[in-house]
Amino acid sequence: MTTEQIYEFLQTNPVCYLATVEGDQPRVRGMMLYKADPTGLLFHTGSMKELCQHMKLNPKVEVCFASQDMQVRIAGMAEFVDDLELKKQIAEDRPFMKPWLEQHGFDFLAVFRVVNCQAAVWTMTTNLEPTHYISI
């Protein structure tokens, strides 16, 4: 797959699972991708969540996206993005967040980008082949 095809796959299948590490224990949670492009994978979450603390202590993460016949795993480094205009755009695009933001303000919203991404694509056809990573 080309980098562009990977970005398209991620945007078409935005529900994913993100893994962090707490001490020596892996932690996985469901997420929804906001945007994927050459600057990285953009996500948001609540700033009070343990997820934020995990990534501050250890920014190494892996995200897994899947469809019925393909899986794309992406390893990278999480970096927080402090950009009020971006937060406002996310809030506009995701109206389900409006009550939370009205109650808690924009400091409630933590935005992070996964950068230095290495992607591995899996299909049933390639199931027994060694994992091949490509930089995206």
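The following legends describe close-up views of a predicted model. Local features require pLDDT of at least 70 and side-chain atom pairs count only at pLDDT 80 or more, while totals for chains, interfaces and linings use all residues. Residues are numbered from 1 along each chain as its sequence is written, and side-chain values use heavy atoms, with hydrogens and water left out.

View 1. Strand E7 spans residues 109-122, and ten of its 14 residues are buried, so the strand is largely enclosed by the rest of the structure. Buried denotes under 20% relative accessible area, exposed over 50%, and partly exposed the range in between (1.4 Å probe, protein chains only). Strands (E, at least two residues) and helices (H or I, at least four) are DSSP runs numbered from the N terminus; two strands pair if DSSP finds at least two bridges between them. Strand E6 (residues 71-81) runs antiparallel to E7 and is joined to it by ten bridges, with Val81 opposite Val111. Six bridges connect E7 with strand E4 (residues 40-46), again in the antiparallel sense. Strand E8 (residues 133-135) pairs antiparallel with E7 over three bridges, and Tyr133 of E8 stands opposite Ala120.

View 2. Four aromatic pairs occur in the structure. Rings of Phe, Tyr and Trp (its six-membered ring) pair if their centres lie within 6.5 Å; planes under 30 degrees apart count as stacked, over 60 as edge-to-face and the rest as tilted. The ring centres of Phe43 and Phe112 are 5.4 Å apart and the planes meet at 15°, so this pair is stacked. Phe43 belongs to E4 and Phe112 to E7, so the pair ties together parts that are 69 residues apart in sequence. The two residues are also bridge partners, and both are buried. Ring pairs link Phe43, Phe80 and Phe112 into a cluster. The charged end of Lys56 sits over the ring of Phe80, 5.5 Å from its centre (criterion: NZ of Lys or CZ of Arg within 6 Å of the ring centre and within 35 degrees of the ring normal).

View 3. Asn116, in strand E7, has a positive phi near 55° although it is not a glycine. With 61% relative accessibility, Asn116 counts as exposed. Thr125 lies in the loop between E7 and E8 and is likewise classed as exposed, at 72%.

**View 4. Salt bridges.** Five salt bridges are found in the whole structure, each defined by a side-chain nitrogen of Lys or Arg within 4 Å of a carboxyl oxygen of Asp or Glu. One of them joins Arg27 and Glu22 at 2.8 Å, N to O; Arg27 is partly exposed at 33%, and Glu22 is partly exposed at 32%. Glu62 and Arg73 meet at 3.0 Å, N to O. This pair links distant parts of the chain, Glu62 in strand E5 (residues 60-66) and Arg73 in E6, eleven residues apart. Lys88 and Glu85 form a further salt bridge, with the closest N and O atoms 3.8 Å apart. These two residues are three apart in helix H3, so about one helical turn separates them.
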